[in-house]
Amino acid sequence: MKNKNKSGSSPIIAFFSSLKLTIFLLITLAAVSIIGTIIPQNQFKEQYLRFYQESTYHTMKMLGFLDMYHSWWFRGILILFTINLIVCSFKHFPRIWKFFKSPVTTLSDSFLATLTLDWKTRINAKNITEDKSYGDLLAEKLSAFWSGPWLQTNKEGDFGEELHFFAQRGLWSRMGVYLVHLSIIFIFIGGIVGSHFGLKAFVNIPEGDKTSIVYTRTDERTPVDLGFTVECRAFNVEFYDSGAPKEYTSDLVILEDGKEKARKRIEVNHPLSYNGYTFYQSSYGSAGGAVKLKMHDRKTGKVYPLSLSIGQQGMLPTGDGWIQAAQYETNYMNLGPAVRLVMPVDDDRMIQFWIFKKYPVFDQQNRKGDRYFVLEDVSQRNYTGLQVTKDPGVWIVWFGCTMMVFGLFIAFFISHRRLWVRLRSDPEKTERYQLTVGGSANKNKPGFEKEFEQFTLFLEEQLKGKK
């Protein structure tokens, strides 16, 4: 008996079924979830290095803070929580199962003393005889108030034959807590399945291009073959007056063996799903384009047309150097479309400057030199940035969530109500009968107390012939 505690279970069972352990694990989960909220998850190394020192980055990576939902310690907490729920459920299940397998169907004096609601009255025999037996008459009256099966038991008591009636409602509410426990386990299983067999990836597709390869959101950027092709037929972006993007959308088409299998215009929070993969609109950017300029020579007064591709170098029309359209912005500093040009001024030095489509004299007025440039037009080509996910455990999670809703409803809004009725000879006067009623409810006790009062009043009126 040394390895048994007061409840009779072993220390291991007592530990894993402890409510303190449950509370500790819930608080721990909430605390570590804060880490996942503060520190962005699954970013690339270069993005972390914009905010943290390299040593801090390596420390956080070693501790699993950069991908905490896939870390061993986070999974360990979930597994420990699952064990806690299972052990706790099995420990208390036999007591609950007694309500189903061996309900108390007779009302003894000792059991009556444990009930919160009881009521007694005396009835003259002449009021309940007539042509029916006591049991039939009482069963008829009871069913008139509480429809459904009333279990009748005839029992020999200390004062002769006793009639016991028992009925209950909401018995399955006792299983609500187990349904909630099971739902949490399903949710955890779904999360673990998604964690092990799922995929989080990204891909940038220039407008008009297609690809069947995406890349994992890791520093390695491992390519993953989808087994089908995703084509970006069109991309569109709209801006507020402030220059901030208002909405951007992509017209995606899924191709398999050259045939169109699915098509959708996606936007933020409106993804496209196909074959277990979900494509979310997450970003966009410039994929190059054509720039038309005019180069003005201040010495000769000549004007030269010039065409460049974004990101590529081109020779100056005068043949004495090169220039590059390094970057294009649709609304740079709220000044509209702009191109950043880079060009050398001598063998050791280069300059870079912006020219604006809305302000053709900007470069002429703000920069000295032998020549200045005017932006005529830009034919921009964007790429759509897609976040790609595959989570085979998501349906398990949804099933668990649905089960949890039902479990919580049953556990909190359905009460297990029980009524016992006993009829026996009055010990003080044999020509009278003693009627005793007991009641119990595990939830909403004030409501059941009113129902109990109505029930006893109804019985008194029916059996004493007041109505």
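1. Contact here means heavy atoms within 4.5 Å. With that in hand, look at Ser183: apart from its neighbours within four places in sequence, Ser183 is in contact with Gly400, Met403 and Met404. Ser183 sits in helix α8 (residues 176-197). Helices are DSSP runs of H or I with at least four residues, strands are runs of E with at least two, and both are numbered from the N terminus. Ser183 counts as buried because its relative accessibility is 0%. Buried means under 20% relative accessible area, exposed means over 50%, and partly exposed lies in between (1.4 Å probe, protein chains only).

2. A word on what you are viewing. This is a predicted model, in which local features need pLDDT of at least 70 and side-chain atom pairs count only at pLDDT 80 or more, while totals for chains, interfaces and linings use all residues. Residues are numbered from 1 along each chain as its sequence is written, and side-chain values use heavy atoms, leaving out hydrogens and water.

3. Next, find helix α2 (residues 19-38) and helix α5 (residues 72-101), which pack at an angle of about 155° with their axes 10 Å apart. The axes are lines fitted to C-alpha atoms, for helices over the stretch in contact, and angles run from 0 to 180 degrees between N-to-C directions. Ala, Val, Leu, Ile, Met, Phe, Trp, Tyr, Cys and Pro count as nonpolar, Asp, Glu, Lys and Arg as charged, and the others, Gly among them, as polar.

4. Helix α5 also packs with α8, the helix that holds Ser183. Their angle is about 155° and their axes are 10 Å apart. That makes α5 roughly antiparallel to α8. The contact is made by residues including Arg75, Phe81 and His92 of α5, with Tyr178, Phe188 and His196 among those of α8. This contact has ten nonpolar, six polar and one charged residues.

5. Among the buried residues of α11 are Phe448, Phe452, Glu451 and Glu461.6. Lys141 lies in helix α7 (residues 134-145) and is buried, with a relative accessible area of 17%. Beyond its neighbours within four places in sequence, Lys141 is in contact with Phe458, Leu459, Gln462 and Leu463.

6. Finally, two asparagines deserve a look. Asn275, in the loop between β9 (272-274) and β10 (277-297), has phi near 55°, a positive value in a residue other than glycine. Asn275 is exposed, with a relative accessible area of 53%. Asn334 has phi near 60°, also positive, and is found in the loop between β13 (322-329) and β14 (338-344). Asn334 is partly exposed, at 49%.

Conventions:
Angles under 35 degrees count as roughly parallel, over 145 as roughly antiparallel, 65 to 115 as roughly perpendicular and the rest as oblique.
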